[in-house]
Amino acid sequence: MSKGVEGLTQAYQLLFGAALIFLALMLVLCLIRAIIGPRVADRVVAVNMMGTMVMVIIAILTVMLEEGYLADICLIYAMLSFLAVILLTKIYTGVYLERKASEERHQAAQKKLAAAKEGLLEELSDVGKGV
């Protein structure tokens with residue numbers, strides 16, 4: 001960026017600095033959502049969004065600092081972020097399916113218990129009629 005007009009270079013530096021500050025603020029807000037999110041899905045989305053914002057921050061720093069190796073780091077971070085979100089989603093799906101199966105087993109046991117009570121009441125009423 002040092003090859004251009006001095007005023008344009010300063011404008012780019014100001015724009016990139018403002019973008020970095022804005023992204024840092026949004027990163028903090030996503031961190032708060034990831035911590036206090038009401039559901040696990042909200043937390044997973046917040047973690048994914050944080051990874052995306054960090055990649056954008058690294059890309060802006062690549063242009064600002066004119067360091068090509070930061071682009072490689074950005075790509076590596078993108079792969080790690082993708083794998084982390086896939087892992088979190090897989091864990092969340094497993095927990096959800098386990099909870100759903102547990103609730104179904106509980107409901108089936110409740111139905112069996114209700115049927116057993118009904119059968120016992122019928123037997124008692126039959127015994128009461130015969131006495």
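1. Basis. This is a predicted model, in which local features need pLDDT of at least 70 and side-chain atom pairs count only at pLDDT 80 or more, while totals for chains, interfaces and linings use all residues. Residues are numbered from 1 along each chain as its sequence is written, and side-chain values use heavy atoms, with hydrogens and water left out.

2. Fold. The protein chain has three helices and zero strands, in the order α-α-α from the N terminus. Helices (H or I, at least four residues) and strands (E, at least two) are DSSP runs, numbered from the N terminus.

3. Overall dimensions. Along the principal axes, the C-alpha atoms fill a box of roughly 110 × 25 × 15 Å.

4. Burial. Of the 131 residues, 17% count as buried (under 20% relative accessible area, with a 1.4 Å probe and protein chains only). Among contacts between residues at least 6 apart in sequence, 48% join residues at least 24 apart; contact means heavy atoms within 4.5 Å.

5. Core. The largest nonpolar core has 11 residues, including F16, L20, M53 and I57 (a set of buried Ala, Val, Leu, Ile, Met, Phe, Trp, Tyr and Cys residues joined through side-chain atoms within 4.5 Å). The elements that give two or more residues to this core are α1 (6-36) and α2, and α2 gives the most, with six. Leaving aside neighbours within four places in sequence, M53 is in contact with L23, M26, L27 and C30.

6. Helix α2. From its first C-alpha to its last, α2 reaches 37 Å over 26 residues, close to the 38 Å expected at 1.5 Å a residue (1.5 Å times one less than the number of residues). Its buried residues include V44, M50, I58 and M64. E66 follows α2 and has a positive phi, near 55 degrees.

7. T62. This residue lies in α2 (residues 40-65) and is buried, with a relative accessible area of 15%. A polar atom of the T62 side chain lies 2.8 Å from the backbone oxygen of I58. Beyond its neighbours within four places in sequence, T62 is in contact with E67, L70 and A71.

Definitions and conventions:
Buried means under 20% relative accessible area, exposed over 50%, partly exposed in between (1.4 Å probe, protein chains only). A polar contact is a pair of N or O atoms within 3.5 Å; within protein, one must be able to donate a hydrogen and the other to accept it, and residues adjacent in sequence count only if both atoms are side-chain atoms.
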